[in-house]
Amino acid sequence: MERLQGIAVSPGIAIGESLVLDNEGFRIPRRFLPRDAVEEELLRLGKAFHAAEAEVERNRKTVSEQLGDDYAAIFSAHLQMLRDRRLHDEIEEMIRVRHYSPEYAVSRALRRYAKVFQSLQGKYMAERANDIFDIEKRILRNLLGRSREELANITSPVLVLAHNITPSETASLNPRFVLGLVTEIGGPGSHTAIVAEGLGIPAVVGVGPFLTDVSGGDTVIIDGDQGQIVLRPDEETVAHYRHEVEEQRSLAAKLEALRDLPAITMDGQVVQMMGNIEFPHEVELCKQRGANGIGLYRTEFLYLGRDDDPSEDAHYESYAEVVNDMGGLPVVMRTLDLGADKMRSLPDPEDERNPFLGLRSIRLALRNRDLFRTQLRAILRASSLGEIRIMFPLISTIMELRQARMVLADAMEDLEEANVPFDRSIKVGMMVEVPSAIMMMDRFVDEVDFFSIGTNDLIQYCLAVDRSNKDVANLYTAADPAVIRMIEIAVRVANQHGVPISMCGQMCGNPLYTMLLLGLGLRSFSVTPSAIPEIKRACRSVSTEQCVRVAEHVLKLESARDVKNFLKEELAKVFPELPL
Ligand code: PEP
Ligand code: MG
């Protein structure tokens, strides 16, 4: 049994068999074979070795012809290794005697060789270890016959353990079969994490290198509440976690009862409880949990996982589906927020060193006007079907907002000329997620109909911490006093001017912050659908006076640790049974 710590990004506990994807997306298969499959598997192994040898021989010839024998020597060394009798015998023995699968045996044997080189000092030795990994990959590629596991095609219950998976790959996971997700890299605010939470898949990211210690089929526990994973747990540990799963089930059943009750504080303050979605089908989840509307529709997900640009009609169909399904409840459609960790096939801005500070989001939309206009036209057309609001992301200056509004005005004019119906008084708002926007709140209030605070980005820009980098994840927290002061300013200024303000970052889906946010004067939350019942319960269990006291105290604190500890104590007074 081995316990590893990572970053908790999607709550819940999953226990099951692992499906392991290495950093090239190869599925590292099960460890054992049925006895009668041995001969056939040895044949398969032999073919894979031959194919690998042929590939290396081809490479050696090409390089030797173009660059000379010195450069081709590296391939000769690879060939020597592939033909090494001792290596073949070792692998064969593992398959015959221990009934290991050929893939597992190959990995085992070659990684042992590589480890020897890695343990020796010096760059030359490290490169030899890399050569061995290269050979391993080549044989595995030939054994497995494909390069990237089709995550969308998983049809038996597994926990996916991967080096990394992209937001769109995560979105393709079927939560019926993928019970949990762990990645070696990735940070707390990454979109992979957000999508996993949206799907309700318990997830832990940023565990660091561990995939070499686990094979497909091993039992694994993912604790998405504490950010832990347990490899090959003993019986006692499994029993402990099974008990926790039962407890969570009974809590979820109790929360179900809140579905049709309003989010209202004990002294009668009404709180809007909206849902965040990435795809139209998530509307159903929002409705099941009693959302008052969609507070954030991340429309850029329509672009991910496809190579071409969606047409205006493709946009329109998705939007129309969402609006119709919401049956008259409001839908806040955020315009394209592509770039940074949500890259797709747009022309690469020349090798961006800092994509989060680069050409992303509204900046990218303003540079690709046709793309932007196409989307705006589709949103406007859909606005004739129900209550749609438009929201621009990542606004950092007033001029940027005005430019975006100009493109919108153009799109409206076009539609008007063509006699296409749309809502002429559509509400236009902006995300508050860059510190510069907060410093200018008293000006922005005259420019928009509403605001929504995006803490996922606000935290990274306020604290200079990449939201998707595990190595600085300890600094990435909504509890930092600087972040809380920024939120305080945004909410206070918007409230003073009577401009509606909401929050759609992950912070408001965490019950730890509910009292603080209510105390700061926030009355509209937009959260991952699965978090709605819990946040609703938190709102219904507190009074405004109590929340104001909590907020006043928090604003006096100096460190994220103090803020967290204080909020934990306060929450424990309200809900002693919540896992913290
Ligand atoms: C945010 O930044 O808080 C947000 C809601 O948007 P995203 O996570 O898509 O950047
Ligand atoms: Mg954002």
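Which residues does UniProt list for "active site" in its unreviewed entry? The record names His191 and Cys504, and in this predicted model the two cluster in space, with a largest C-alpha distance of 13.8 Å, although they are spread over 314 residues of sequence. The lining of the largest cavity takes in both His191 and Cys504, and the space taken by ligand 1 is that largest cavity.

**The shell around ligand 1**

- Ligand 1 is surrounded by 17 residues, and the closest of these are Arg298, Arg334, Gly454, Asn456 and Arg467.
- By residue class, the shell around ligand 1 divides into 8 charged, 5 polar and 4 nonpolar residues.
- Three elements, namely helix α7 (191–199), strand β11 (294–298) and helix α16 (455–463), each supply at least two residues of this shell.
- The largest share of the shell comes from α16, which contributes 3 residues.

- His191, which is found in helix α7, places a polar side-chain atom 2.9 Å from an oxygen atom of ligand 1.
- In the side chain of Asp457, an N or O atom is 3.0 Å from an oxygen atom of ligand 1.

**Positions annotated as "binding site"**

- The UniProt annotation "binding site", which comes from an unreviewed entry, covers Glu433 and Asp457.
- These two positions are spread over 25 residues of sequence, yet they cluster in space, with a largest C-alpha distance of 5.5 Å.
- Both Glu433 and Asp457 are included in the lining of the largest cavity, the space that ligand 1 takes up.
- Glu433 lies in the loop between β14 (427–432) and α14 (435–439).

**Where annotation and model meet**

- His191 carries the "active site" annotation in the unreviewed UniProt entry, and in the model a polar atom of the His191 side chain lies 2.9 Å from an oxygen atom of ligand 1.

Definitions and conventions. Residues numbered from 1 in each chain as written. Chains lettered and ligands numbered in written order. Predicted model: local features only at pLDDT ≥ 70, side-chain atom pairs only at ≥ 80, totals over all residues. Heavy atoms only, no water. Near = heavy atom within 4 Å. Polar contact = N/O pair within 3.5 Å; in protein donor to acceptor, adjacent residues only side chain to side chain. 1 Å grid on protein atoms, 1.4 Å probe; cavity = no way out; pocket = protein on both sides within 12 Å on 5 of 7 lines; lining within 4 Å. Sits in = over half its atoms within 2 Å of the grid points. Helix = DSSP H or I, 4+ residues; strand = E, 2+ residues; numbered from the N terminus. Nonpolar A, V, L, I, M, F, W, Y, C, P; charged D, E, K, R; others polar. UniProt positions renumbered as here; feature names shortened; annotations may be inferred.
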